[in-house]
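Hi,

Here is the structure I promised to pass on.

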Amino acid sequence: MSYLQNWFSPGSVTTPSSSGSNQENKQTVPGSFVVEEELDDGSETATEDDVPPAFPSLNSAQRASVPVLADDTTIPPVLSDSALMPPPPVPSSTMASFSGLQSSTRTASSSLLAPLATTQKPPKPSKKVALAPGFGPLDWAKLKSSGQDLRGVDTLLRVPPSVLKSHNKKQDAWTAINGKVYNITPYLPYHPGGEKELMRVAGRDGTKLFSLTHAWVNADFMLDSCLVGFLVPEPSS
């Protein structure tokens, strides 16, 4: 406890004598130190100016490569024809035909894509017939969404060509389009080309005829509720 007594003892505070009018009185406490403040009067930077440095610097390679006139103005460089960017080349007919050949080759190489004939409309579209009242496209869409069984089977089947061939009657008509077998019997009265035209593909693979006459029609969407199964090769005996 002796150091606390020395710390708070009144005799430990000393007041130095003043020497001159510009000196301030200072008190010293044991165990403390005095920091004298240094005031910046600005004498070190008094001779500096406020002009920003030149950019690029006066002795840089950038300034040396640009010609300077007598009045210290620089001349902007003029690009020659070889330095300018040339325009893009115009595609020739040969390249266009080559790119079209490549795209058709890639399309034909995939067995999951629709035939090439489905990308264009036929030159002679099929003739439409007058449908009976209540058998338009909207009526067919309403029938599909009604929940009525349009397949005629309980589960999807693997249908070989021999089985498909047996369903060729108006009351029992199946056809295959792009590897999928559909029961087209409920769709016969809704077909815009007439029942007779649709019966041409009953009991057989109608992919080729469908592509030639309905290139823009999505058969998967039109007959999704009539899907019976998938066309498979004949089983080996």
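Starting at the N terminus, the elements of the chain come in the order α-α-α-α-β-α-β-β-β-α-α-α-β. That makes eight helices and five strands, where helices (H or I, at least four residues) and strands (E, at least two) are DSSP runs, numbered from the N terminus. Bear in mind that this is a predicted model: local features need pLDDT of at least 70, side-chain atom pairs count only at pLDDT 80 or more, and totals for chains, interfaces and linings use all residues. Residues are numbered from 1 along each chain as its sequence is written, and side-chain values use heavy atoms, with hydrogens and water left out.

First, the chain as a whole. Of its 237 residues, 21% count as buried; buried means under 20% relative accessible area, exposed over 50%, and partly exposed in between (1.4 Å probe, protein chains only). As for contacts (heavy atoms within 4.5 Å), 65% of those between residues at least 6 apart in sequence join residues at least 24 apart.

Now the cores. A nonpolar core here is a set of buried Ala, Val, Leu, Ile, Met, Phe, Trp, Tyr and Cys residues joined through side-chain atoms within 4.5 Å. The largest one has 19 residues, and those with the most contacts inside it are Trp-140, Ile-177, Tyr-182, Ile-184, Tyr-187, Leu-198 and Leu-223. H4, strand E3 (172-177) and H7 each supply at least two residues of this core. There is also a second, separate core of seven residues, with Val-153, Val-159, Trp-174 and Ala-176 among them.

Ile-177, leaving aside neighbours within four places in sequence, is in contact with Tyr-182, Asp-205, Thr-207, Phe-210, Ala-219 and Leu-223. Trp-174 also lies in E3, and it counts as buried because its relative accessibility is 7%.

Is Ala-173 buried or exposed? It is buried, with a relative accessible area of 0%. Not counting residues up to four places away in sequence, Ala-173 touches His-167, Tyr-182, Asn-183, Ile-184, Thr-185, Met-199 and Ala-202. Ala-173 and Ala-202 are 29 residues apart along the sequence, yet 5.3 Å apart in space, C-alpha to C-alpha.

Ala-202 turns up again with Lys-169: these two are 33 residues apart along the chain, with 7.3 Å separating their C-alpha atoms. Lys-169 sits in strand E2 (residues 168-169) and is partly exposed, at a relative accessible area of 49%. Its side chain is joined to that of Asn-168 by a polar contact of 2.9 Å. By polar contact I mean a pair of N or O atoms within 3.5 Å; within protein, one must be able to donate a hydrogen and the other to accept it, and residues adjacent in sequence count only if both atoms are side-chain atoms.

In the loop between E3 and strand E4 (180-183) you will find Asn-178. Its phi is near 55°, a positive value in a residue other than glycine. Asn-178 is partly exposed, with 39% relative accessible area.

Lys-144 is in helix H4 (residues 137-144) and is buried, at 16% relative accessible area. Thr-213, in helix H7 (residues 207-213), counts as buried at 16% relative accessibility. The side chain of Thr-213 makes a 2.7 Å polar contact with the side chain of His-214.

His-214 leads on to the largest pocket. Which residues lie nearest its centre? They are Tyr-187, His-191, Pro-192, His-214 and Val-217, out of 29 lining residues. H4 gives the most to this lining, with four residues.

All the best

Technical notes
On a 1 Å grid over the protein atoms alone, a cavity is a set of points where a 1.4 Å probe fits but cannot get out, and a pocket is an open set with protein on both sides within 12 Å along at least five of seven lines; lining residues have an atom within 4 Å of a point.
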